[in-house]
Amino acid sequence: MKYALKKVFVLDGKTYLELSYAEFRQQADTYHGRRFIPLHGMLMEVPEDEYRTFYKDKRRQKYLKERSKDNSDFSYDMLTTNEFNGEDILVDTVTDTAGQAEKNVLVDKLHKAVLQLSIDEQELITLHFQQGFSQVDLAKILGINQSNVCRKISKIVEKLKFLMKI
């Protein structure tokens, strides 16, 4: 035992009787067969089921500690101080995972919606949005005026919005 016992609490009916450790040692034969657990530098008599539960838990904690040591487990709680919580280093404050997941879902919906467009519509939005052609450049390529290109792009965008809602 790591510390000297100072007091012993013995069950006397339904109440506890407080004894010094010296008194307890003198009357040891009287208390033979009773169950005691150490508690904050004292011994306390407990019923059989509580005694078994206490030592079962104690064995379990010892087993877990040994297993953790064998596996070289590391607990971030060991890094916790008054100024710093060890678990804080686990939080990724840079990446917005919820936002990224939402973006991925929207991109997937957009991709499916684009596949429902006609070939001409797909080519027009690819040239404008992916390859960066201006409406004036597209008007020259298609042989129509810029206002018609603007109208076509607006209709395709509205169509994509509708298809993404489905």
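This is a predicted model: local features need pLDDT of at least 70, side-chain atom pairs count only at pLDDT 80 or more; totals for chains, interfaces and linings use all residues.
View 1. Three helices, namely helix H3 (97–115), helix H4 (119–130) and helix H6 (146–165), each contribute at least two residues to the lining of the largest pocket. Sorted by class, the residues that line the largest pocket comprise eight nonpolar and four polar ones, with no charged residue among them.

**View 2. The second largest pocket has a volume of about 190 Å³.** The residues that line the second largest pocket are Asp120, Glu121, Glu123, Leu124, Leu127, Leu142, Lys152, Lys155 and Ile156. Both H4 and H6 supply at least two residues of this lining, and the most comes from H4, which gives five residues. The lining of the second largest pocket divides into four nonpolar and five charged residues, with no polar residue, whereas the lining of the largest pocket has no charged residue.

**View 3. Helix H4 packs against helix H5 (residues 135–142).** Two packed helices are described by the angle between their axes and the distance between the axes. For H4 and H5 the angle is about 145°, and the axes lie 10 Å apart; the crossing of this pair is right-handed. On the side of H4 the contact is made by Leu124, Leu127 and His128, and on the side of H5 by Gln135, Leu138 and Leu142. Four of these contact residues are nonpolar and two are polar, while none is charged. Leu124, Leu127 and Leu142, which take part in this contact, also belong to the lining of the second largest pocket.

**View 4. Four strands form an open sheet with mixed pairing, in the order E2-E1-E4-E3.** Strand E2 (15–20) and strand E3 (36–39) stand at the edges of the sheet, and each has a single partner strand, so one side of each is left without a neighbour in the sheet. From one strand to the next, the twist averages 25°.

**View 5. Strand E1 (residues 7–12) and strand E4 (residues 42–45) pair within the sheet in the parallel sense.** Three bridges join E1 and E4, and Phe9 stands opposite Met44, a residue of E4. In the order of the open sheet, E2-E1-E4-E3, this pair is found between E2 and E3.

Methods:
Residues are numbered from 1 along each chain as its sequence is written. Side-chain values use heavy atoms; hydrogens and water are left out. Ala, Val, Leu, Ile, Met, Phe, Trp, Tyr, Cys and Pro count as nonpolar, Asp, Glu, Lys and Arg as charged, and the others, Gly among them, as polar. On a 1 Å grid over the protein atoms alone, a cavity is a set of points where a 1.4 Å probe fits but cannot get out, and a pocket is an open set with protein on both sides within 12 Å along at least five of seven lines; lining residues have an atom within 4 Å of a point. Grid points are joined across faces, edges and corners, and a volume is the space filled by probe spheres set on the points. Axes are lines fitted to C-alpha atoms, for helices over the stretch in contact, and angles run from 0 to 180 degrees between N-to-C directions. A crossing is left-handed if the near helix is turned anticlockwise from the far one by less than a right angle, and right-handed if clockwise. Contact means heavy atoms within 4.5 Å. Two strands pair if DSSP finds at least two bridges between them.
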